[in-house]
Amino acid sequence: TYPDWVLWTSRVFWLSWMLLIFNLLPAYPLDGGRLLQAIVWGRTADYRRGVTVAAYSGFAVAIFFTIYSFGFGDSMHFALALFIFFSSY
């Protein structure tokens, strides 16, 4: 009942929101990890501590995705966990 352009606009809108939420995860290669690094660096004035906190946060997110992937049998989340782990390492 809706025109095609309305359906595609809705799909692009929700895809953009999902990518935004995903990108804000506090894992180091994502923007959320870089935001965390900048916040810690700004509060402590220690760049090394900011990188360390962001890297450990990336390890935690990678462990979460690994557990999730084994629990639900999803190989894409496991590949994402490996990417985050090696990027944080």
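Guide: Two residues are in contact when heavy atoms of theirs come within 4.5 Å, and with that rule in hand we can read Phe-22, which touches Leu-30 and Leu-80, not counting residues up to four places away in sequence. The model is predicted, and local features need pLDDT of at least 70, side-chain atom pairs count only at pLDDT 80 or more, while totals for chains, interfaces and linings use all residues. Residues are numbered from 1 along each chain as its sequence is written, and side-chain values use heavy atoms, with hydrogens and water left out.

Visitor: Where does Phe-22 lie, and is Phe-22 buried, exposed or partly exposed?

Guide: Helices are DSSP runs of H or I with at least four residues, and strands are runs of E with at least two, numbered from the N terminus. Phe-22 belongs to helix 1, residues 4–23. Buried means under 20% relative accessible area, exposed over 50%, and partly exposed in between, with a 1.4 Å probe and protein chains only. Phe-22, at 30% relative accessibility, counts as partly exposed.

Visitor: Which residues does Ala-27 touch, and where is Ala-27 found?

Guide: Ala-27 sits in the loop between helix 1 and helix 2, and is buried, with a relative accessible area of 0%. Not counting residues up to four places away in sequence, Ala-27 touches Gly-33, Gly-58, Val-61 and Ile-84. Gly-33, in helix 2, is likewise buried at a relative accessible area of 0%. Leaving aside neighbours within four places in sequence, Gly-33 has contacts with Leu-25, Pro-26, Ala-27, Tyr-28 and Ala-54.

Visitor: At what angle do helix 2 and helix 3 pack, and which way does helix 2 pass helix 3?

Guide: An axis is a line fitted to C-alpha atoms, for helices over the stretch in contact, and the angle between N-to-C directions runs from 0 to 180 degrees. Helix 2, residues 31–44, packs on helix 3 at an angle of about 145°, with the axes 8 Å apart. A crossing is left-handed if the near helix is turned anticlockwise from the far one by less than a right angle, and right-handed if clockwise; that of helix 2 with helix 3 is right-handed.

Visitor: How far does helix 3 reach from its first C-alpha to its last, and what covers its buried residues?

Guide: The expected span of a helix is 1.5 Å times one less than its number of residues. Helix 3, with 26 residues, reaches 38 Å, close to the 38 Å expected. Its buried residues include Gly-50, Ala-54, Gly-58, Phe-65 and Ser-69, and the cover over the buried residues of helix 3 includes helix 2 and helix 4.

Visitor: How are helix 3 and helix 4 oriented to each other?

Guide: Angles under 35 degrees count as roughly parallel, over 145 as roughly antiparallel, 65 to 115 as roughly perpendicular and the rest as oblique. Helix 3 (residues 47–72) and helix 4 (residues 75–88) pack at about 160°, with axes 8 Å apart, and the two are therefore roughly antiparallel. Helix 3 passes helix 4 in a left-handed crossing. The residues of the contact of helix 3 with helix 4 divide into 12 nonpolar, five polar and no charged.

Visitor: Which residues does Ser-69 touch, and which does Phe-85 touch?

Guide: Ser-69, in helix 3, is buried at a relative accessible area of 3% and touches Asp-74, His-77 and Phe-78, not counting residues up to four places away in sequence. Phe-85, in helix 4, is partly exposed, with a relative accessible area of 35%. With the same exclusion of residues up to four places away in sequence, Phe-85 touches Phe-59 and Ala-62.

Technical notes. Nonpolar A, V, L, I, M, F, W, Y, C, P; charged D, E, K, R; others polar.
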